[in-house]
Amino acid sequence: MKSKQFLVLGLGRFGASLAKTLCELGQEVLAVDADEDLVGDIAPHVTQAMQLDATDETLLASLGVKNFDAAIVSIGQNMRDSILVCVLLKELGVPYLVAKANDDLHAKVLRKIGADRVIFPERDMGARLARSIITPNVLELMNLSDDYQIMEIRVPDRWVGDTIIGVNVRRRYGVNILAIHRSERFLVAPAPDMVFVAGDTLLVMGKREDIERLDA
């Protein structure tokens with residue numbers, strides 16, 4: 001798969017972690033912050049790091065933002081700077097804009113000015129932790145719509161040694177198994193006769209209530 005190019009603006013804990021992880025996943029990342037120390041810390045872990053004031057339109061334009069697949073604005077608590085950078089990025093023609101919001105009002109403004117996706121990292125992490133405490137087998141969750149979700153779950157103990165068709169996952173639970181992560185392998189669209197092994201992690205799609213029944 002061809003790597004994509006990402007522009008990450010703001011290298012606090014979230015921005016730095018995002019930039020580093022994108023690179024670890026084989027993507028090209030330009031990480032930008034006005035703080036020289038933060039830029040120096042991230043430089044060994046990304047494709048390129050640059051000290052730059054992103055609120056300066058001329059400097060921001062010099063990055064060629066239209067050439068990136070997406071820009072992620074992860075500027076900390078300064079709502080004004082966050083909004084200004086997002087406005088400038090849209091005017092400069094960035095193809096896809098993701099912006100971190102601090103609260104609902106901030107998010108509302110970001111959406112109004114054209115952010116394609118608004119995220120609440122702390123809130124989302126809290127929600128994921130709550131779900132994992134209630135349902136320990138659920139490792140990760142992605143909302144597709146109000147009804148359907150993709151979740152990463154540990155294989156239920158009672159399934160180990162049985163097959164996908166033997167458990168009859170789709171008919172019994174209304175859930176589709178998209179892939180199985182086993183040791184260092186990622187098995188996409190597993191065959192119906194594949195046997196579940198202890199330690200398997202399943203990527204499943206379905207309604208939340210149906211997925212939660214897998215652990216019942």
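**Exercise 1. Find the loop that holds Asn 168, then say what its phi is and whether the residue is buried, partly exposed or exposed.**

Solution, step by step:

1. Start with the place. Asn 168 sits in the loop between helix 7 (164-167) and helix 8 (169-173). Keep in mind that you're looking at a predicted model.
2. Now check the backbone. Phi of Asn 168 is near 60°, which is a positive value, and the residue isn't a glycine. Most residues other than glycine have a negative phi.
3. Last, the accessibility. Buried means under 20% relative accessible area and exposed means over 50%. Asn 168 has 30% relative accessibility, so it counts as partly exposed.

**Exercise 2. How many aromatic pairs does the structure hold, and which rings are linked into a cluster?**

Solution, step by step:

1. Count the pairs: there are two.
2. Take Trp 159 and Tyr 173. Their ring centres are 5.9 Å apart and their planes meet at 45°, so this pair is tilted.
3. Where are these two? Trp 159 lies in the loop between strand 8 (148-154) and helix 7, while Tyr 173 is in helix 8, so the pair ties together parts that are 14 residues apart in sequence.
4. Go on to Trp 159 and Phe 196. Here the centres are 5.3 Å apart and the planes are at 40°, so this pair is tilted.
5. This pair links distant parts of the chain: Phe 196 is in the loop between strand 10 and strand 11, and the two residues are 37 residues apart.
6. Check for burial, using the under 20% cut-off. Trp 159 has a relative accessible area of 3%, so it is buried. Tyr 173 is at 8%, so it counts as buried. Phe 196 is at 2%, so it is buried.

**Exercise 3. What is the strand order of the open sheet of six strands, and which are the edge strands?**

Solution, step by step:

1. Read across the sheet: the order is 3-2-1-4-5-6, and the pairing is parallel.
2. The edges are strand 3 (48-51) and strand 6 (117-119), each of which pairs on one side only.
3. How are the strands turned? Neighbouring strands of this sheet are at 15° to each other on average, direction ignored.
4. And what holds strands of a sheet together? Strands pair through backbone hydrogen bonds.

**Exercise 4. Walk from strand 1 to strand 6: how many bridges join strand 1 to strand 4, strand 4 to strand 5, and strand 5 to strand 6?**

Solution, step by step:

1. Strand 1 (residues 5-9) runs parallel to strand 4, and four bridges join them. One partner pair to look for is Phe 6 with Ala 70 in strand 4.
2. Strand 4 pairs with strand 5 over three bridges, in the parallel sense. Val 73 has Ala 99 in strand 5 as its bridge partner.
3. Strand 5 (residues 97-100) pairs with strand 6 over three bridges, again in the parallel sense. Lys 100 stands opposite Ile 119 in strand 6.

**Exercise 5. Where is His 106, is it buried or exposed, and which residues does it contact beyond its neighbours within four places in sequence?**

Solution, step by step:

1. Find helix 5 (residues 104-112): His 106 is in it.
2. The relative accessible area of His 106 is 0%, so it is buried.
3. Leave aside the neighbours within four places in sequence, and the contacts of His 106 are Met 79, Ser 82, Ile 83, Lys 100 and Ala 101.

**Exercise 6. Zoom out: how many helices and strands are in the chain, and what percentage of its residues is buried?**

Solution, step by step:

1. Count the elements: nine helices and 11 strands.
2. Of the 216 residues in the chain, 40% are buried.
3. For the surface, the chain exposes about 12,400 Å², with carbon and sulfur atoms supplying 51% of it.

Note on methods:
Residues are numbered from 1 along each chain as its sequence is written. This is a predicted model: local features need pLDDT of at least 70, side-chain atom pairs count only at pLDDT 80 or more; totals for chains, interfaces and linings use all residues. Side-chain values use heavy atoms; hydrogens and water are left out. Buried means under 20% relative accessible area, exposed over 50%, partly exposed in between (1.4 Å probe, protein chains only). Contact means heavy atoms within 4.5 Å. Two strands pair if DSSP finds at least two bridges between them. Axes are lines fitted to C-alpha atoms, for helices over the stretch in contact, and angles run from 0 to 180 degrees between N-to-C directions. Rings of Phe, Tyr and Trp (its six-membered ring) pair if their centres lie within 6.5 Å; planes under 30 degrees apart count as stacked, over 60 as edge-to-face and the rest as tilted. Accessible areas come from the Shrake-Rupley method with a 1.4 Å probe; for residues, only the protein chains shown count as cover.
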